[in-house]
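Biologist: Could you walk me through reading some features of a model? I would like the general idea each time, and then the case at hand.

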Amino acid sequence: MLSEPFLLACSGGLDSVVLTHLFHNLKLNFSIAHCNFQLRGAESDADEKFVTHLAKKLNIKSHVTHFNTNDYVAKNKVNVQIAARDLRYAWFSELMQENQVGTLVTAHHADDNLETFLINLSRGTGIDGLTGIPAKTDTISRPLLAFSRAQILKYAEAQNLEWREDASNADVKYLRNKIRHEIVPVLKELHPTFLQNFELTQSHLKGANTVLNNHVELLKSRIFEVHNDGFRISIEELAVLHPQSAYLHALLKDYGFTAWTDIVRLLEGLSGKEVRSKTHRLVKDRDFLLLEALAPEVSENFTIEEEQIEITIPIHIEIESVDDLKETGEHILYVDKDSLKYPLVVRKWEKGDYFYPFGMKGRKKLSKYFKDEKVDIISKEKQWLLCSGNEVVWVIGRRSDQRFSVTKKTRQIVKFTIPQ
């Protein structure tokens, strides 16, 4: 697991100092990273000096950075703990990329896991919040998670190790510290093996969560139909799931949604209603919910000059002059060049747009055309038009306008192709 070079987060406290010595004794290939958050004045500077001295003494490469944490708190309106976490993990990620390191090691232990469990429990959480800190992710490893703070302290004292004590860890104005100093000791006093029992309970929770996730993935494979760049979900299939809110949470939590009451209402809402998370949106479309990732909105018009042979934005279209009509299909359009007014424009469709569908008599509003063709809401939003002046030449990839069709009188033919 740690045979490749890795980065160790080292605060100078008991846990990270023990890990530093263990890894050094094992002759592993690692460097240490220390953050000075500049929150405790001279004490923060003393922590930094201690870590750099430790690295020098053990002949280990060290990385140090300084943060103006209070400025970050004020600017982003978050508490100090969240600010410190955001700042350090962003820096760790940068360091790992710069040094081509794949793993960050942190010194979280079993007591940290218990505290996190109690914090999440106190705030209200689902099963994910009760399964604790993962021992390993794709980029983070926590090898001390199976050991208690008491075990780590016993080892450090036996090895005559030195470390720094952070005075702020004793301040019970912080929720984690209050749990650490006032609640956990009482729980351990009530039952001498409380920590071990907790670890066993959490193991059961992780097993139950794995079973749940496997069930949810099987369910997704059945009712999530790949559609455009996202999924189409049958409301009829969702309606038979009970308890409905629990199933919706399990199916959609990975997409960042939190407004579960609004999502339940969406099932009975009108077509076009939607609920958004920071990364995705869920849109009601007749008998389905459409799920897609949020993308930057493009409202710009794109022009095609007369001599242009290709566009790649917002859609890839190749343009050429041809002598006659050959292959056909929804991805190909032939038009009478003399009927065009350059520059042509590629734009999104708008309310009030109409065209004269090829093969039909008279004109038709695009909104009516989309309804008749049962085009879903998201596909309509993404629909591009090829226009000559204010007139629609092509509902791109769907239907052309017969006013621009090639006839016996056509002298020059222009072919538009969406490469397949």
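Modeller: Happy to. Helices (H or I, at least four residues) and strands (E, at least two) are DSSP runs, numbered from the N terminus. This is a predicted model, where local features need pLDDT of at least 70 and side-chain atom pairs count only at pLDDT 80 or more, while totals for chains, interfaces and linings use all residues. Residues are numbered from 1 along each chain as its sequence is written, and side-chain values use heavy atoms, with hydrogens and water left out.

Biologist: What is the phi of Gln 100?

Modeller: Most residues other than glycine have a negative phi. Gln 100 has a positive phi of about 55 degrees although it is not a glycine. Lys 27, in the loop between α1 and β2, also has a positive phi of about 55 degrees.

Biologist: Is Gln 100 buried or exposed?

Modeller: Buried means under 20% relative accessible area, exposed over 50%, and partly exposed in between (1.4 Å probe, protein chains only). Gln 100 is exposed, with a relative accessible area of 76%. Lys 27 counts as exposed at 75%, and Leu 26, found in the loop between α1 (14-25) and β2 (30-36), is exposed at 58%.

Biologist: Which residues do cis peptide bonds join?

Modeller: Most peptide bonds are trans. Here a cis peptide bond joins Ile 313 and Pro 314, with omega about 5 degrees. Pro 314 has its place in the loop between β12 (310-311) and β13 (317-322). Another cis peptide bond joins Tyr 342 and Pro 343, with omega about -5 degrees; Pro 343 is found in the loop between β14 (332-336) and β15 (344-348).

Biologist: How many aromatic pairs are there?

Modeller: Rings of Phe, Tyr and Trp (its six-membered ring) pair if their centres lie within 6.5 Å; planes under 30 degrees apart count as stacked, over 60 as edge-to-face and the rest as tilted. A search of the whole structure finds 13 such pairs. One of them is Phe 23 with Phe 30, edge-to-face at 5.6 Å centre to centre and 70 degrees between the planes. Both Phe 23 and Phe 30 are buried. Tyr 369 and Phe 370 form a tilted pair, at 5.7 Å and 55 degrees. Tyr 369 is buried at 4% relative accessible area, and Phe 370 is buried at 0%. Together with Trp 349 and Phe 355, Tyr 369 and Phe 370 form one aromatic cluster.

Biologist: Which lysine lies over the face of Trp 384?

Modeller: A charge sits over a ring if NZ of Lys or CZ of Arg is within 6 Å of the ring centre and within 35 degrees of the ring normal. Lys 348 lies over the face of Trp 384, at 4.9 Å from the ring centre. Lys 220 lies over the face of Phe 224, at 5.8 Å.

Biologist: Why is the protein chain described as more spread out than a compact globule?

Modeller: The radius of gyration is taken over C-alpha atoms, and the globule rule is 2.2 Å times the number of residues to the power 0.38. The protein chain has 14 helices and 21 strands. Its radius of gyration is 31 Å, well over the 22 Å that the rule gives for 420 residues, so the chain is more spread out than a compact globule. Along its principal axes the C-alpha trace spans about 100 × 50 × 40 Å.
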